[in-house]
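Please read it alongside the sequence and the structure shown here.

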Amino acid sequence: MNPLPPPMQQALACAREALVLSNPNPRVGCVITDGAGRVLGQGHTQRAGGPHAEIMALSDAAALGHSVHGATAWVTLEPCSHQGRTGPCCDALAAAGIARVVASLADPNPLVAGQGFQRLRAAGVAVEIGAGAAESRELNIGFFSRMVRKTPWVRLKIAASLDGKTALENGASQWITAAPARADGHAWRARADAILTGIGTVLEDDPQLDVRLVPTPRQPHLVLVDSRLETPLEAKLFAPARQLLIYFAVADAARQAALQARGATLVHLPGPGGKVDLAAMLRDLAQREVNELHVEAGHKLNGSLVREGLADEFLVYLAPKLLGQGRDMAAFGPIGELAQAVALEFHGTDMVGGDLRILARVSGRDAF
């Protein structure tokens, strides 16, 4: 495999700077170089409604007193071509005199989808596509999922003992893993658009599910599956300036009014057996611009997501201890034969302090 050109490596590094910032927009980086390869300007996408990576790079070059006429823009995603919260980046690049654009891959957003490249070429800008495609797509797996599949990328975070137990039989689970793993888990929370849990977890643990252990410029939205509207009105999920979405199945006018008075947004999505229609919930979350859905739930909701084929990836922290008896990661069985097992592919194994972090993806889930 040929190594990536240094400017594209730098553009990808810029894109990673937008990891917890740009949601629901994609994480994009841009580097502008002259004919000798000298960097003239660089930048990454800002908060939604703020400048995109290309505009930041052009502004950086201008602030440094560099002309970009005849220069090359290295960008990790196709420059946008539509008027959204900001103007078309393809037009800004052409107007600035950029002679060549090297982009990692096309934008899956139907409002762009090749039109940015088309307009650049029409303006006389040379366009090359492909460098850094795999890295950029992986960085934006949730954005691609929302645009192509119309559902978020669903990542289940689980902390467990080496024998796969997430809690004792009585529900006690604090703390199976050590402090470094918990901080790392908060970093994964920070990159998500929303955090999902179930009513069982709320009733047992009353979690905050916010980002506290790492710096973050924004807090993810909260999503709760509560089929019968059992959420206590004093639950810690009710926090100032955080959106709480509650999906429910069994209507109760009084409970609905009380929860709405606490600031929650309620969505009625009844499914079989008086449960929430989880597939419909994911489609609704995509319409609400959720790219990555970070799940921190108990074995029942985890099991439902796995059983219904809605889980994409598992972020598992294994502690070097054995519990023997206890609660499993996901209750979705039983299965009758090994061939029915959920096939996974390891995408990463790393030590985080004294715990082992495993990133495992459901086989074939990223083929879209």
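**Sheet and backbone briefing**

Nine strands form an open sheet with mixed pairing, in the order E10-E9-E8-E7-E11-E6-E12-E14-E13, where two strands pair if DSSP finds at least two bridges between them. Strand E10 (265-268) and strand E13 (344-352) stand at the edges with a single partner strand each, so one side of each is left without a neighbour in the sheet. This is a predicted model, in which local features need pLDDT of at least 70 and side-chain atom pairs count only at pLDDT 80 or more, while totals for chains, interfaces and linings use all residues. Residues are numbered from 1 along each chain as its sequence is written, and side-chain values use heavy atoms, with hydrogens and water left out.

**Sheet geometry**

- On average, and with direction ignored, neighbouring strands of this sheet are turned by 20° against each other; axes are lines fitted to C-alpha atoms, for helices over the stretch in contact, and angles run from 0 to 180 degrees between N-to-C directions.
- Strand E13 runs antiparallel to strand E14 (residues 355-362), and eight bridges join the two; among them, Glu-345 has Arg-361 in E14 as its bridge partner.
- Helices (H or I, at least four residues) and strands (E, at least two) are DSSP runs, numbered from the N terminus.

**Helix across the sheet**

- Helix H6 (residues 141-148) lies across strand E6 (153-161) and strand E11 (292-295), and runs at about 135° to E6; contact here means heavy atoms within 4.5 Å.

**Cis peptide bonds**

- Asn-23 and Pro-24 are joined by a cis peptide bond with omega of about 5°, and Pro-24 lies in the loop between helix H1 (6-16) and strand E1 (29-33).
- Gly-333 and Pro-334 are likewise joined by a cis peptide bond, with omega of about 0°, and Pro-334 lies in the loop between strand E12 (313-319) and E13.

- Lys-150, a residue other than glycine, has a positive phi near 65° and is placed in the loop between H6 and E6.
- With a relative accessible area of 44%, Lys-150 is partly exposed, a class that falls between buried (under 20% relative accessible area) and exposed (over 50%), as computed with a 1.4 Å probe on protein chains only.
- Leu-229 is not a glycine either, yet has a positive phi of about 55°; Leu-229 lies in the loop between strand E8 (221-225) and strand E9 (244-248), and is buried, with a relative accessible area of 2%.
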